[in-house]
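Let's take a walk through the charged side chains of this predicted model. Have the sequence and the 3D view open as you read.

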Amino acid sequence: MSTVRTPNARRDPAPDYAVVVPTAGRATLTPLLRGLALGRGPAPAEVLVVDDRPEREDRPLPVPECDLPVRLLASGGRGPAAARNVGWRTATADWVAFLDDDVLPGEDWRARLADDLGALGTEVAASVARIVVPLPDGRRPTDDERDTLALTGARWITADMAYRRQALVEVGGFDERFPRAYREDADLALRVRRAGWRIVEGSRVTTHPPKYGGPLASVRRQRGNADNALMRAKHGRGWRDAAGEGEGRLGRHALTTLAGVSALGLLTAGLPRAAALAGGLWTGLTAEFALHRIAAGPRTPGEVGRMAVTSALIPPVACAHRVAGERHVRRGRAVLFDRDDTLIEDVPYLADPEKVRPMPGAADALALLRAAGVPLGVVTNQSGLARGHITAAQLRAVTCRIDELLGPFQTWQVCPHGPDEDCPCRKPRPALVRRAAEELGVDVRRCVVVGDIGSDVEAALTAGARAVLVPTARTLPSEVALARRYATVVPDLSTAARVALELA
């Protein structure tokens, strides 16, 4: 485990925190909010309930009358990652505690959260709670119950996890390409840790009742294999180890599916003996999978029958979702922006957040790209760090201000070196562009870099990306000429966004 338990040392004043609850309108929202209201300890600055139902849904949310500053927001049914982003970006508190709408915080949850957050150093980005799943006594858990029980061993679970808002800004929050409540929390934690922050285990305990999804729930859960494809693209082959995951069964599912398809194909081709061999392999693998699941459960007739049927369905469904996920990842695209004189006005060695001024059309261009679901990043040289003109804290403050004015970026890639340090990342060298593509899990050839000078264009082309130049008064004629030959030149950021959508 990479998490560590923090001491129960309180510090005054109480931490400034907000609570964000994404919800699909389930009745469990009512006891959650009542439990928060009746709990002991410092109250949250606000509770942001984010309605993640489709916009056509007009049923009121089950929000009870309670002594809490509750605000209702909407995310348009885009999934829990998007809903959480809507919540934390609206919040103004230093810390944001994410709770699922079906958990039950203990009566001392508020006090323990204050203990957890008050004891943290500035290098810590997040505090994760311990999840408890109550199960019936006297029998083994069902398949659905085992699925919920897995939350108790998850390393980073946003059923109850508090993040420092500054860290969320730095990494762009949750990746909304994860459409389900699956993997989006582990992806965020991995990116936060890669940015140099720590994540620790807190003292608070939260109850998560078992979920019951019907007889084919385990088959529907195989949609998560598409999300695993994105995890692999973003974090490499070793993402399971990094996230504390055990070995998956996809390899065995693929073999089972191949055996079954081969048996049918050989039988159709008039080769019964070969078909019998392939069919025997499929039967053996399917039986092993079913027995493994049956042995872990209550072994009632209904559960045994359910495991037998779903064990035959799961392998091909899992493989189909993984293939679809890999295809979606390969079609992924991203747009990367230079910072100074592209997104914001260039102020030499900018250290004061109050001096951040967006370039004309920047907000509209970014809104167009976000509406198209395109991940965004920033690639910027900041030699003021090496020269001592700005500090890392000042750079973070400026980044937070840009986020407030222009919205989230899924990756910030910054070269902190001076021009004489011969580093591999300072533009026009390509490392920043390649790192951004890797961070986003996108083929660099499907990235478009938008900038205002020749080094932006050269960095993109050297990395293998496309380039769009938006000249300013400082852009040299030779840089414009270079871009006209090898890239695209446009008059403004709005045009750059439309062109980027065509090029990526």
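Start with E439 and R194, which form a salt bridge whose closest N and O atoms sit 3.1 Å apart. This pair links distant parts of the chain: E439 belongs to helix α16 (residues 431-440), R194 to helix α6 (residues 184-194), and 245 residues separate the two. Are the partners buried or exposed? E439 has a relative accessibility of 14%, and because buried means under 20%, E439 counts as buried. R194, on the other hand, is partly exposed, with 44% relative accessible area.

Next, hop over to D456 and K427, whose side chains meet in a salt bridge at 2.7 Å, N to O. D456 lies in helix α17 (residues 454-463) and K427 in the loop between β11 (411-415) and α16, so this contact ties together parts that are 29 residues apart in sequence. Here D456 is buried, and K427 is buried too.

Now look at D175 and R177, another salt bridge, with 2.8 Å between the closest N and O atoms.

Which residues are linked in a network of salt bridges? They are D143, D144, R146, D147, K211, R221, R293, E303 and R306. As for the overall tally, searching the whole structure turns up 41 salt bridges. Behind it all is a simple idea: side chains of opposite charge can pair when their charged atoms come close.

Key:
Residues are numbered from 1 along each chain as its sequence is written. This is a predicted model: local features need pLDDT of at least 70, side-chain atom pairs count only at pLDDT 80 or more; totals for chains, interfaces and linings use all residues. Side-chain values use heavy atoms; hydrogens and water are left out. A salt bridge is a side-chain nitrogen of Lys or Arg within 4 Å of a carboxyl oxygen of Asp or Glu. Helices (H or I, at least four residues) and strands (E, at least two) are DSSP runs, numbered from the N terminus. Buried means under 20% relative accessible area, exposed over 50%, partly exposed in between (1.4 Å probe, protein chains only).
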